[in-house]
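Visitor: I am new to reading protein models. Could you walk me through this one?

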Amino acid sequence: METIVELIDVTKVIKGRTIIDQISFKVNKGEVFGFLGPNGAGKTTTIRMIVGLMGITSGDIIIGGSSITSQFEDAVSHIGAIVENPEMYKFLTGYQNLVHYARMSKGISKEKIAKTVRLVGLSERINDKVKTYSLGMRQRLGLAQCLLHDPDVLILDEPTNGLDPAGIREIRDYVRLLAREKNMAVIVSSHLLSEMEMMCDRIGIIQDGRLIDVQLVQEFVQGTGAAYEFEVVPSEKALDLLAANYPNSKVKRSRNGITAELSKNEIPNVVTLFVDKGIRIFGIKEIAKTLEDRFLEVTSEKEAAARD
């Protein structure tokens, strides 16, 4: 896959404090890259540096082969972005807003504007004033604005903030469509991890200004092993047995009994162990991990390591 965005040891220091600490990663054409992290981890700061709204203390960002530090105009010409909320002239119509933004780039025709409006599904309301738009419609108009100049990279910072479930699904579908049909790289930052799991191909996790992991979503979610829930009585005895016999497995109480991270091949041995020790088994089921589960696991592990 062709790399379109590359961060190389990017660092940001503000008033002597290192906000971003030597972050490096690549984003390829045709993929949706999710940028995750707790509040204050440095997501928006990194995005602001990528789009040129904030300077870099050291390192570099290469976009479409151009450096953001030494070839700024060429680099940012590849980008369309919504950082936080799209800002529009509410007293103008959606179409008038797009015409205004089109004047900032060369070669954007009326036909191009109409095509972009159809792409984001605003044809029926494009001639209404923006002040009459719902939040979801303003988000779609913001997307149209970003896409007018056919960018290679689309950057969306919290694009589903304040949207209802239908609006969230619309934005997710548009993002996947753009990556698939336009071969566009999309970088998305969001705190809605369930949506990121459905939307993204890869994710990068940032914590305390450092990039701690970059993986394919499915590989990251699967982690080191599957989790199984055992509905057993007495659960306390079963918990102690598992902890003693499988010390490398994460074992904990659950609503219906206990859960443990085990391989599928270990399940028959666990059943035998429980039966031999007089533990009654009422059910065993595999628990599918979510991106949220793994995200919380990884970030809590890093926090614990930092305290140690």
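Visitor: Which residues do ring pairs link into a cluster?

Guide: This is a predicted model, where local features need pLDDT of at least 70, side-chain atom pairs count only at pLDDT 80 or more, and totals for chains, interfaces and linings use all residues. Residues are numbered from 1 along each chain as its sequence is written, and side-chain values use heavy atoms, with hydrogens and water left out. Rings of Phe, Tyr and Trp (its six-membered ring) pair if their centres lie within 6.5 Å; planes under 30 degrees apart are stacked, over 60 edge-to-face, the rest tilted. Ring pairs of this kind join into a cluster F25, F33 and F35.

Visitor: How many aromatic pairs does the rule count?

Guide: Apply the ring rule to the model. The count comes to four.

Visitor: What kind of pair do the rings of F25 and F33 form?

Guide: Their centres are 5.0 Å apart. Their planes meet at 5 degrees, so the pair is stacked.

Visitor: Is F33 buried or exposed?

Guide: Buried means under 20% relative accessible area, exposed over 50%, partly exposed in between (1.4 Å probe, protein chains only). F33 has a relative accessible area of 0%. That makes F33 buried.

Visitor: What kind of pair do the rings of Y89 and F91 form?

Guide: Y89 is partly exposed at 36%, and F91 is exposed at 56%. Their ring centres are 6.0 Å apart. The planes stand at 65 degrees, so the pair is edge-to-face.

Visitor: What is the order of strands in the open sheet?

Guide: Strands (E, at least two residues) are DSSP runs, numbered from the N terminus. Two strands pair if DSSP finds at least two bridges between them. Four strands make up the sheet, with antiparallel pairing, in the order β2-β1-β4-β5.

Visitor: Which strands stand at the edges?

Guide: An edge strand here has a single partner, so one side is left without a neighbour in the sheet. This holds for β2 (17–28) and β5 (66–67).

Visitor: Which residue in β2 does T3 stand opposite?

Guide: β1 covers residues 3–14. Strand β1 pairs with β2 in the antiparallel sense, over eight bridges. Opposite T3 stands N28.
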